[in-house]
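Here is a structure to explore. Look it over before reading on.

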Amino acid sequence: MSKKIKVLAMLMGLIMTLSLVGCGGNKSASGEVKVGDEAPEFYADLTNGKSFILSENKDKVVLINFWATWCGPCVEELPAIEKLQKEYGDKIEIVAVNYGEDKKTVDEFLKDKNYTFKVAYDENMDICNEYPSDGIPYLVVVDKEGKVHETMVGSAGADEQYKRVLRSLTEAFEK
């Protein structure tokens, strides 16, 4: 392998690593929202023209999914999120917060997907900054009292992710 190719490979690896680093912010000493914390309030414009305000969903379990179109594991787990939406409908609120991409990119990605869960724009990463993590996909389950019930970084594939999230949602319902 030539020196240029090795350098390019190292740079690409560094770029990939940096692109998967979480949203940043300063919620705790480690930077992450912790289980038991009050879920940070946020307002989001949705792709359907409506808006989402976390505090308007008290008494419901809320699943917040941070994702991006360029993130393979994020895209891979979206069918699991859709399956949960179809199975639980109005029993839970699901909002998939896009990780800093422009509206056109998000809209084009969603154009033929027919997902029924809410998708939020976060072009300036305001919401991501309220929910810092070590990477994406990043899921946050908020219980009926507005507290963080569980966080999950990374994906295990659609089927396994569905099982993991279902377990967490079931626990949050029972609280």
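Predicted model: local features only at pLDDT ≥ 70, side-chain atom pairs only at ≥ 80, totals over all residues.

Residues are numbered from 1 along each chain as its sequence is written, and side-chain values use heavy atoms, with hydrogens and water left out.

Q: How many residues does the largest nonpolar core have?
A: In soluble globular proteins, nonpolar side chains tend to be buried together. A nonpolar core is a set of buried Ala, Val, Leu, Ile, Met, Phe, Trp, Tyr and Cys residues joined through side-chain atoms within 4.5 Å. Buried means under 20% relative accessible area, exposed over 50%, and partly exposed in between (1.4 Å probe, protein chains only). Phe-42, Ile-64, Phe-66, Trp-67 and Tyr-131 have the most contacts inside the largest core, and its residue count is 49.

Q: Which residues does Phe-42 contact, leaving aside neighbours within four places in sequence?
A: Contact means heavy atoms within 4.5 Å. Phe-42 is among the residues with the most contacts inside the largest nonpolar core. With those sequence neighbours set aside, its partners are Phe-52, Ile-53, Leu-54, Ile-64, Val-95, Ile-127 and Tyr-131.

Q: Which cysteines does a disulfide join?
A: A disulfide is a pair of cysteine sulfur atoms within 2.5 Å. The count by this rule is one. Its S to S distance is 2.4 Å, and the joined residues are Cys-71 and Cys-74.

Q: Is Cys-74 buried or exposed?
A: The cut-off for buried is under 20% relative accessible area. Cys-74 has 0% relative accessibility, so Cys-74 is buried.

Q: Where is Asp-102 placed?
A: Helices (H or I, at least four residues) and strands (E, at least two) are DSSP runs, numbered from the N terminus. Asp-102 is partly exposed, with a relative accessible area of 37%. Its place is the loop between β4 (92-98) and α3.

Q: Which peptide bond is cis, with omega near 0 degrees?
A: Most residues other than glycine have a negative phi, and most peptide bonds are trans. Pro-137 lies in the loop between α4 (126-130) and β6 (138-142). The cis bond runs from Ile-136 to Pro-137.

Q: What is the phi of Asn-114, about how many degrees?
A: Asn-114 sits in the loop between α3 and β5. At 62% relative accessibility, Asn-114 is exposed. Asn-114 is not a glycine, yet its phi is positive, at about 60 degrees.
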